[in-house]
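Hi,

Here is the structure we talked about. My notes follow below it.

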Amino acid sequence: MDTPHSEISVDLGLLLKGGPAGKEDGVGGSRASNGGQPPNSSSHDPWLSSIMENGGLEEKSKSQHPKIQHVSAMLRNAESNKKCFDPFVVSIGPYHHGKPELEFMEGHKMTMARQHVTDSEVAIQTLYDKVVAVTEDARKCYIEGSTSNWDDRQFTQMMFLDGCFVLRFICCSLDKETRIKSHNIAFVRRDLFLLENQLPFLVLEALMLPDKNTWLENVNRFVENTRARSPRHQEGGWLDGIMKSFFNHRDRKDRPKETKQQQQPVHLLGILHGQLIDQSAHDPLSISEWSSYRSAIELKAAGIHFKPSKTSRCMDVSFEPAMSFGTLRLPPIMVDDSTKSMFLNLVAYESCPDAPDDFGVTSYLCFMDVLIDHAEDVKELRSNGILLNFLGSDKEVANLFNEIARDLVPNPRAYAEVIGEIERHYNNKAKIWIAEWLHTHFSTPWTFLAFLGAIFALALTCFQTYLEAYGDKKTN
């Protein structure tokens with residue numbers, strides 16, 4: 001027996017096909033000629049055809065070489081981020097080249113290039129020819145049309161001078177020998193890790209003569225020195241990361257994980273990102289959900305203590321439950337005048353269409369924003385060796401993290417296991433009661449000593465009472 005729903009579906013089918021027997025007249029008749037075509041067939045509309053044929057911007061960006069992108073308008077237009085994306089003293093690459101305020105350092109580039117050629121003991125023409133060989137690929141690393149103001153010779157000269165400057169500065173920074181004034185060294189280091197101020201790594205590789213491996217180690221050390229490291233452990237950089245990911249992959253048999261091939265870094269900022277983030281650290285089967293946000297002070301009151309992790313990788317976060325307490329380990333981080341710029345440029349890099357899609361730094365900043373609300377939270381983390389404050393007051397550090405994390409969206413799988421452990425700790429009412437009681441009555445050494453004194457006085461009173469009672473009996 002036919003139902004009203006089946007009659008409606010039949011009528012809709014006839015209507016979409018242009019009526020019974022495939023007639024083209026009536027309602028929808030103008031579409032009858034294309035009614036039998038598959039969904040991915042060509043259309044008379046060029047715009048619709050371009051969607052099916054080109055695959056959209058996402059597929060196009062994946063098929064091309066990773067590009068050095070511009071900072072997104074959302075990040076750049078934020079009032080608190082105004083000075084975080086433009087270079088202060090030196091331009092690297094075409095995006096900021098020629099700005100009047102950066103002309104002073106252009107003279108130093110000639111000097112640095114001469115020093116690099118002299119130290120490498122390779123003829124300058126040989127080095128220049130190496131850059132010429134990669135100029136075409138280097139131009140493709142920038143946004144289409146952004147290098148049109150330079151012909152091949154001019155663009156090659158810019159790549160050569162900028163590449164020599166970067167490598168020479170890296171060498172001088174490690175040897176602590178440079179003719180650049182000390183107050184400009186910190187600015188140059190900051191400028192080298194701006195998203196829009198990057199040089200394709202293939203250009204730097206072309207200039208790494210005569211020993212490429214030594215240069216790669218120096219670059220690795222230089223990038224490591226831009227971040228805080230725990231004195232108890234020195235982790236490797238992107239070169240060691242390739243080896244670790246290769247050997248660790250064979251040991252990960254607990255659950256299936258999608259693995260990605262370790263690629264050559266795109267630029268210095270990409271190397272820094274690779275050192276901070278372990279892309280295999282996310283659990284693809286878990287999603288983190290806070291039942292409510294809790295600051296560092298609130299976690300301490302609930303019996304959760306803080307200790308620095310063994311490495312400074314952003315994903316090196318763990319929770320260790322123990323009886324009525326717990327320990328949250330966080331990577332140590334140095335906070336200074338360049339921290340905000342560095343993190344925001346890493347966030348901008350993660351938002352690029354061809355960058356790693358783990359959003360590791362973004363998730364780390366959101367996690368720290370949860371822990372840090374006020375100066376007291378910074379003080380707690382600082383006193384436990386997690387935050388190394390070279391910025392100023394604890395209030396300034398709290399404001400810095402709150403400003404950086406504004407409008408950021410973390411990876412829901414980041415820190416899922418840690419957040420789950422913290423939630424389970426909070427859901428255990430007995431642990432919370434004991435922790436809060438201890439925090440209330442024994443938050444300082446003086447209260448603990450007073451408690452011991454009270455116990456000692458009570459014990460003496462009981463002993464005295466015992467002697468008075470049983471001593472009299474023995475006497476009688």
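Is Cys-366 buried or exposed? Cys-366 counts as buried because its relative accessibility is 11%. (Buried is under 20% relative accessible area, exposed over 50%, partly exposed in between, with a 1.4 Å probe and protein chains only.)

Two points on the source. This is a predicted model, so local features need pLDDT of at least 70, side-chain atom pairs count only at pLDDT 80 or more, and totals for chains, interfaces and linings use all residues. Residues are numbered from 1 along each chain as its sequence is written, and side-chain values use heavy atoms, with hydrogens and water left out.

Disulfides: the structure holds zero (the cut-off is a pair of cysteine sulfur atoms within 2.5 Å). Cys-171 is in none; its nearest cysteine sulfur, on Cys-172, is 5.7 Å away.

Thr-311 sits in the loop between β1 (304-308) and β2 (318-322). (Strands are DSSP E runs of at least two residues, helices H or I runs of at least four, numbered from the N terminus.) Thr-311 is buried, at 11% relative accessibility. Its side chain makes a polar contact with the side chain of Asp-316, at 2.7 Å. (A polar contact is a pair of N or O atoms within 3.5 Å; within protein, one must be able to donate a hydrogen and the other to accept it, and residues adjacent in sequence count only if both atoms are side-chain atoms.)

Best wishes
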